[in-house]
Amino acid sequence: MAKVLMKGNEAFGEGAIRAGCRFYFGYPITPQSELAHFLAKRMPEVGGTFLQAESELASINMVFGAAGAGARVMTSSSGPGISLMQEGISFIACAELPCVIVNIMRGGPGLGNIAPVQSDYFQATRGGGHGDYRLIVLAPSSVQEIIDLVWEAFVLAEKYLNPILMLGDGLLGQMMEPVELDEEKEFFIPLRPWAASGRMGGPKRIINTLYIVPEEAEKHNFKLNQKYKEIEVKEQRWENYQTKDAQLVLVAFGTAARVCKGVVDYCREQGLPVGLIRPITLWPFPDKAFDYILSLGTVRYFLSVEMSTGQMIEDIRLAVDGRRPVHFYGRFGGMLPVLTDVVKEVKKLLLKEEP
Amino acid sequence: MFEQVLLAGFGGQGILSAGQLLAYAGILEGKYVTWVPSYGAEMRGGTANCGVTISNRSISSPIVSDPEALMVMNRPSLEKFEQNVVTNGLIVVNSSLINCKVERKDVQVMYIPANKLAEELGNNKVAVNIALGALIFLTQIVSLEAVMESLGKVLPPHHQKLIAINQRALKTGAQYFDHLAKEKAG
């Protein structure tokens, strides 16, 4: 199959169609609007429903309704819109319904700008809304990986009956890269005995987000927590790049990880033993990647490279658990880390050079 | 060897599509490619630009902040990006719409009256591809044949009839500096 040139935002849409998503509800916001543009055209071609809601609140509650009725459903937005959706996301997580939410982050806080940032990491990985819940968070770093991970997202959503958040930035959403579109795989929609789509003579199907009796709420929280524990064990995903003999391991996801791959290549050409861990799931955070690298014994430092003032570094520190120092380099507000600047940080640590 | 180019002009000139032509040509030649537009408020009715990277290696950052070659279709774009071009880089200037000279002395500058040449072909709208043809001739970043072939992928279905004139435009641009050199030599 020939490669086609596709925008990241469009790839989320095409990936969703191929994964059997037939309902999309959303509200426009840059830098993710092409996703909605694309699906407005593409959804009707496959007999699906595209609806531009009157707000993000309406969008997420339409997602809630559609998911409850058994649909494979998606929404997307950017930072401020995702903030507005948090109440609904918490309800969906409580009700244990599957759906996929895409956040193409924008520079914040506040209304911010549309330049690439990663500053919604905390919001994404800590649940985001009220209550004790988690979302599985996937962070692609190329347009091809978007297509591949969207499929994965719907599989995970239905396996665990949990909302999935896909986290990208404006650059990933806007850039075009070649993607290999395979023959469309047949998608499978598992039975939905929980869906409020008619009892068909069976027992009542109830989707509940209210546990007013503390004993019952504790039981529900316990059940959710068991699920999250299972996900933490089974679903960590990451990519190791040149980590085997690395003395300094960079940690970065999404667009920052692309820059860091360039840094690793550049450093290796200069004989500097540098590697990269690229988390693909941000929650569950890939602790195992760190245990493995630490077991090799060569690593002396970790350096977290983020497009924020330092959010993922907290998870890295939890994973490393004091076994090695974890340093930080960040650009924020929509500025990208530049290869030569990261190399300077690397040399500062490895060669104790002052720039 | 050229890997990173920046194309700039005003909205409607076909800058973003021209960048996609380069990117598709890169795919046809088995290269890694990325295409990044300027997006957001400045794009609507204002300047439009896109950065294209074509490389034998996987591309880390797709941002083209210091282009090796710059193609500018209007004056604000030249003023905005002139200083960003790397030393010994190349600037292709659409002299039909840019009535000033490039100030920098450490880059190669080539002037081509793209709109005038397009009008001679009978369609002012293909000016961008005349400049693109020249850029390709001067940088060899991709082959002209691959760009010609890419037209079918980038032009939407209702514009496929314009493939022929765009191919003529690319050729005209590619031959322009070749002819100039020959005229001088002759």
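1. Ala134(B) touches Val92(B), Met110(B), Ile112(B), Gly173(B), Ala174(B), Tyr176(B) and Phe177(B), when residues up to four places away in sequence are not counted; two residues are in contact here if their C-beta atoms, placed from the backbone, lie within 7 Å. Ala134(B) belongs to helix α4 of chain B, helices (H or I, at least four residues) and strands (E, at least two) being DSSP runs numbered from the N terminus. Ala134(B) is buried, because 27 other C-beta atoms lie within 10 Å; the cut-offs are 20 or more other C-beta atoms within 10 Å for buried, 12 or fewer for exposed, and anything in between for partly exposed, with C-beta atoms placed from the backbone. Ala134(B) and Asn94(B), 40 residues apart in sequence, are 10 Å apart in space, C-alpha to C-alpha.

2. This is a predicted model, in which local features need pLDDT of at least 70 and side-chain atom pairs count only at pLDDT 80 or more, while totals for chains, interfaces and linings use all residues. Residues are numbered from 1 along each chain as its sequence is written, and chains are lettered from A and ligands numbered from 1 in the order in which they are written.

3. Helix α4 (residues 127-139) of chain B and helix α6 (residues 163-185) of chain B have axes that come within 7 Å and cross at roughly 50 degrees; axes are lines fitted to C-alpha atoms, for helices over the stretch in contact, and angles run from 0 to 180 degrees between N-to-C directions. α4(B) and α6(B) are therefore oblique to each other, given that angles under 35 degrees count as roughly parallel, over 145 as roughly antiparallel, 65 to 115 as roughly perpendicular and the rest as oblique. The crossing of α4(B) and α6(B) is right-handed, a crossing being right-handed if the near helix is turned clockwise from the far one by less than a right angle, and left-handed if anticlockwise.

4. As to which residues form that contact, α4(B) contributes residues including Ile130(B), Ala134(B) and Phe137(B), and α6(B) contributes residues including Leu170(B), Gly173(B) and Phe177(B). The residues of the contact of α4(B) with α6(B) comprise twelve nonpolar, five polar and two charged; Ala, Val, Leu, Ile, Met, Phe, Trp, Tyr, Cys and Pro count as nonpolar, Asp, Glu, Lys and Arg as charged, and the others, Gly among them, as polar.

5. A second pair in chain B is helix α1 (residues 15-28) and helix α5 (residues 144-154), which pack at an angle of about 115 degrees with their axes 8 Å apart, and α1(B) passes α5(B) in a right-handed crossing. Among the residues that make this contact are Leu21(B), Ala25(B) and Leu28(B) of α1(B) and Ala146(B), Glu149(B) and Ser150(B) of α5(B), and by class the contact has nine nonpolar, three polar and two charged residues.

6. Leu28(B), in helix α1 of chain B, counts as partly exposed because it has 19 C-beta neighbours inside 10 Å. Leaving aside neighbours within four places in sequence, Leu28(B) is in contact with Ala146(B), Glu149(B) and Ser150(B).

7. Turning to the contact between the chains, 17 residues come from chain A and 15 residues from chain B. On the side of chain A that touches chain B, the elements giving two or more residues are β1 (3-7), α7 (170-174), β8 (176-180) and α9 (254-269), with the largest share, four residues, coming from α9(A). This side of chain A has ten nonpolar, three polar and four charged residues.

8. Some backbone details deserve a look in the model. Cis peptide bonds join Thr30(A) to Pro31(A), with omega about 5 degrees, and Gly108(A) to Pro109(A), with omega about 0 degrees. Pro31(A) sits in the loop between β2 (23-26) and α2 (33-45) of chain A, and Pro109(A) in the loop between β5 (99-105) and α5 (121-125) of chain A.

9. Asp321(A), although not a glycine, has a positive phi of about 55 degrees; it lies in the loop between α11 (312-320) and β14 (326-330) of chain A and counts as exposed, with 11 C-beta neighbours inside 10 Å. In chain B, Asn88(B) has a positive phi near 65 degrees, and Asn88(B) counts as exposed, with 9 C-beta neighbours inside 10 Å.
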